[in-house]
Amino acid sequence: KMTQQMRDLQLAQARKPPGPSSPNAAKRLYRNLSGKFRVNYTSFDEGSLAARGEKEKLRKSYLFQSNAALFEAVELQDLDRVQDLLKQYSPEELDLNTPNSEGLLPLDIAIMTNNTPIARALLQAGAKESPHFVSLESRSLHLSTLVREAEQRVNELTAQVVNEAPNTDCSDKEKQLKAWEWRYRLYKRMKAGFEHARVPDAPTNVHLSVASSSSVQVTFWEPLSVNSAIVTKYKVEWSCSPTFSPVLGEAVIDQLKNLHFTIQGLVSGTAYYVQVSAYNMKGWGPPKASVPPFAIPSNWREYDGRAPRRRGQAEALDHLLGQVKTVHQHCVCHEPCKNQPQSRKHSVSKSLKHLFHPGSKFLKTLKRGLYLTAIFYKDDNILVTHEDQIPVVEIDDTYSCLLMQDFLWFTKVSCMWDEILWLRQCVTVSQSSCSCILQTRFKMLLAISQMQGLLGIQDLGQVFFEPVKDKQGNILIVTLKEVKTNQTFESVRWVPICKLQSSRKSVSSPEEPTALDTLLISVQDKLAYHQRSSHALSPGLYLGYLKLCSAVDQIRVLVPEQLPNILCHVKIRSNPNISREEWEWMQKMASMEEPVPAEPEAETPQNHLFQELQVAIKELMTLINIPLQEAKDFRLYSQEVLDFGDQVSFLLLLPPSDDVCTAPGQNNPYTPRSGFLTLPLQIFELGEER
């Protein structure tokens, strides 16, 4: 018999003995293991284990019990227990895809009893169907054999119970009889589920899009029918012919977390047709052709042969910086500054001596001047000095008004924390000009070096987008850095932020808070800004809103608080690529003086993009609190698609020409809702690069 052969094979391999023989036994197993499943093996008393082999044997014993418990949970249709086991153990630890002594896998039992929730949970965990079922006939024969043998066993036990006198052995026989009656009903239910099932319907919403110049992507949904057995895999086929004769290639998808597939290695400019079909235990269902019916691999740059904007830029800048360093190695700035006036020479020497003098330390109080403070944080803790102060060093005690140009220069220096010594040497020679700007920037470099030396670390993190000021004339430039490892620092220690804030309140003046008081009050907001500014967008095509406002000395850009390194935006779709056909349609629409409201032809990539843009524009107008009727005066930026790597791209939505940038004193006609910031344009550009 086929079933007997499978059993012999399983026993020969010593995979595992049969599980509990009855539902009651299974329930008892759950109760006994419910506490043990939560035990960490390392929590056992090491002294009670004779050797490492004993520990491994104990571990395997628990894993075997978890495997048996999984089979029983599926048979009893206990969804909660199945989910708990899948969370606690890996598929390998559960032997998720190893057949039991009946030649069945947990997924087989779930789909043949038509238990869709459990089957979905198993599929999400990577469960497969039994490899023994190579055909419909083999599955049907196997189920019939299981039912027949279970029925035969029930009849044998019934006869024994009826003919034997009541005793202990008879009680055991009755328990076995109940167990086999239950298993007989289970196998009959599985057989009936298989016989009544039919092949699945075709998948729905099969959408085809161009992913690049050499690939297309197909996405799809499950079949609509709920009367058929659960789908366990899908097949994607592609061809250059609408009749799929011949089929150029196919791919089977059995990882069902995300129903999409990217077909790689295609020829640019060639039309490819795609269809998708679904599979269940009764076989493959009919294929469903995609919408649109074909796609041509391409990219928007092919429209006019444009090269990527940033191609080679990073390498060119590195090369340029290398040339500058080479020149400065032989520059007079690395020689003794003999020609400098004696007073300046003395001043610089004094500054350098102060930097490396043992008395150089963090400041406790602020005077009227410009300062640098570094905030290092980990979870809810922050680094402070031994006096419970945030690390602060002085930049310039005679500087009472921070010019925006100096601050923006400092933010650029923050991209070169490792090059501060070299930058300081290069700036030193220029002090002979007695430029106030150069003197201030040299003092900034000295303060950075001092902070790095006191902390024992070079990377001070990211500069907060605006300084902290008070009425006494103090100005704090703030850097922020998250520490994710157990890193040690010099002259500082960790304390909870709440404790630091409480102690500061007790000694500060509530009437006129200093810049340090203001910093501590708002430190959580600054840390949240720092964390959000490092978040990345998920892959896709986005619609961004570009809105600027100008001041006397800077231009600021509107950004969302939740993602301040990106423009206000909404997601158009998950595919970041704009095809040549889509870009050609956008260029045609942009060239019209009065765009015609007619939609593109149905079932074309252009029509799909048109519909996606309509939805995205409505969503974006709601987000930035602009009446939808005013959107007719807005424009799509049609000069290029903004590519941020290979996975994220942007189309820009621009206000009317007169409202792109609000002038000083001019009222902003569009008032965003709360949850937005305006960042200096240079700060935004640096954050975008990070």
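Please keep in mind that the model is predicted, with local features needing pLDDT of at least 70 and side-chain atom pairs counting only at pLDDT 80 or more, while totals for chains, interfaces and linings use all residues. Residues are numbered from 1 along each chain as its sequence is written, and side-chain values use heavy atoms, leaving out hydrogens and water.

Let's start with the rings. There are 13 aromatic pairs, where rings of Phe, Tyr and Trp (its six-membered ring) pair if their centres lie within 6.5 Å, and planes under 30 degrees apart count as stacked, over 60 as edge-to-face and the rest as tilted. One of them joins F644 and F650, edge-to-face, with 5.6 Å between centres and 80 degrees between planes. How exposed is F644? F644 is partly exposed at 24% relative accessible area, whereas F650 is buried at 3% (buried is under 20%, exposed over 50%, partly exposed in between, with a 1.4 Å probe and protein chains only). Elsewhere, F464, F465 and Y529 are linked by ring pairs into a cluster.

Next, charges over rings, meaning NZ of Lys or CZ of Arg within 6 Å of the ring centre and within 35 degrees of the ring normal. K235 lies over the face of W284, 4.7 Å from the ring centre. Likewise, the charged end of K282 sits over F194, 5.0 Å from the centre of that ring.

Finally, the surface. L317, within helix α10 (residues 313-329), is exposed, with 57% relative accessible area.

Notes:
Helix = DSSP H or I, 4+ residues; strand = E, 2+ residues; numbered from the N terminus.
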